[in-house]
Amino acid sequence: GLRLTGRDVTLRGVHRDSVVIDTRAGYGILVEDCENCRISGLTITGGTRDDDGRATSAAVVVRRSTVIIEDCIIRDNIGDSATVARTVVGVIGIAGREGANITVRNCEIRRNSWDGIALYRGARAHIADNVIDGVDKASGARIGGGRGVGIGLTWDAHATIERNRVTRYWKGIGTFLNAQADIRENVVEDVLTWGIALWAPANGRATARIGGNIVYRTGA
């Protein structure tokens, strides 16, 4: 898709309802080696699923960068149903990879076919005041929005997650392996399995501070 790199790069639309980027790509907007960058006032849609199951296909992928993503709509990044079925994973809304430092605020992240926001391998994030809505509440072999986790941290990612609404997803908010999270004042509702989860294997050290959240209507 579109690659942002360098320093002090801003990609800004007049209003997110009227400025639409239809990426048609596995990595819709790739923010890579970009310092003090910003994406705002856009709708980002039309993402596809890469054939390689190891790819972190997402509407926005951040790597070795500091970026603010605000006042955006990230929607309908579903991908080809046959490819999604074959690879199992779909298209993430926002993916933070190694070296990412992300602020996500005042965004609507809805009807994407994998995690709403996923952080991997040392990524850092402040995630606040967003709506993350799977819409379709898809599960199993069904292809649609809401597969995966609304907000998921794994490996050794770190995040503060506050005042978000996560709904109609397979799973709500999760901290896995060696990740660390501060999870407060969120609403997690109408999810197929668990609302908020902390999980690590025997040698893992996942930690979280969880307080002041509302979890309502879970399937497990």
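**Labels and their cut-offs**

Guide: Trp194 counts as partly exposed, at 22% relative accessibility. The model is a predicted one, where local features need pLDDT of at least 70 and side-chain atom pairs pLDDT 80 or more, while totals for chains, interfaces and linings use all residues. Residues are numbered from 1 along each chain as its sequence is written, and side-chain values use heavy atoms, without hydrogens and water.

Visitor: Why is Trp194 called partly exposed?

Guide: Buried means under 20% relative accessible area and exposed over 50%, with partly exposed in between (1.4 Å probe, protein chains only). Trp194 has 22%, so the label is partly exposed.

Visitor: What makes Phe176 buried?

Guide: Phe176 has a relative accessible area of 18%, which is under 20%, so the residue is buried.

Visitor: How do you know that Phe176 and Trp194 form an aromatic pair, and why is the pair called edge-to-face?

Guide: Rings of Phe, Tyr and Trp (its six-membered ring) pair if their centres lie within 6.5 Å; planes under 30 degrees apart are stacked, over 60 edge-to-face, and the rest tilted. A search of the whole structure finds one such pair. The centres of Phe176 and Trp194 are 6.2 Å apart and the planes are at 65 degrees, so both tests are passed. The two residues are 18 apart in the chain, Phe176 in strand E19 and Trp194 in the loop between strand E21 (187-191) and strand E22 (196-199). Strands (E, at least two residues) are DSSP runs, numbered from the N terminus.

Visitor: What makes you say that the charged end of Arg121 sits over the ring of Trp155?

Guide: The rule asks for CZ of Arg or NZ of Lys within 6 Å of the ring centre and within 35 degrees of the ring normal. The charged end of Arg121 is 3.9 Å from the ring centre of Trp155. Lys171 likewise sits over the ring of Trp170, at 4.1 Å.

Visitor: Why is Asp190 called buried, and which residues does Asp190 touch?

Guide: Asp190, in strand E21, has a relative accessible area of 18% and therefore falls under the 20% limit. Contact means heavy atoms within 4.5 Å. Not counting residues up to four places away in sequence, Asp190 touches Lys137, Thr167, Arg168, Tyr169, Tyr216 and Arg217.

Visitor: Where is Tyr120, and which residues is Tyr120 in contact with?

Guide: Tyr120 is in the loop between strand E13 (117-119) and strand E14 (124-128). Leaving aside neighbours within four places, its contacts include Thr56, Asp115 and Trp155.

Definitions and conventions:
Helix = DSSP H or I, 4+ residues; strand = E, 2+ residues; numbered from the N terminus.
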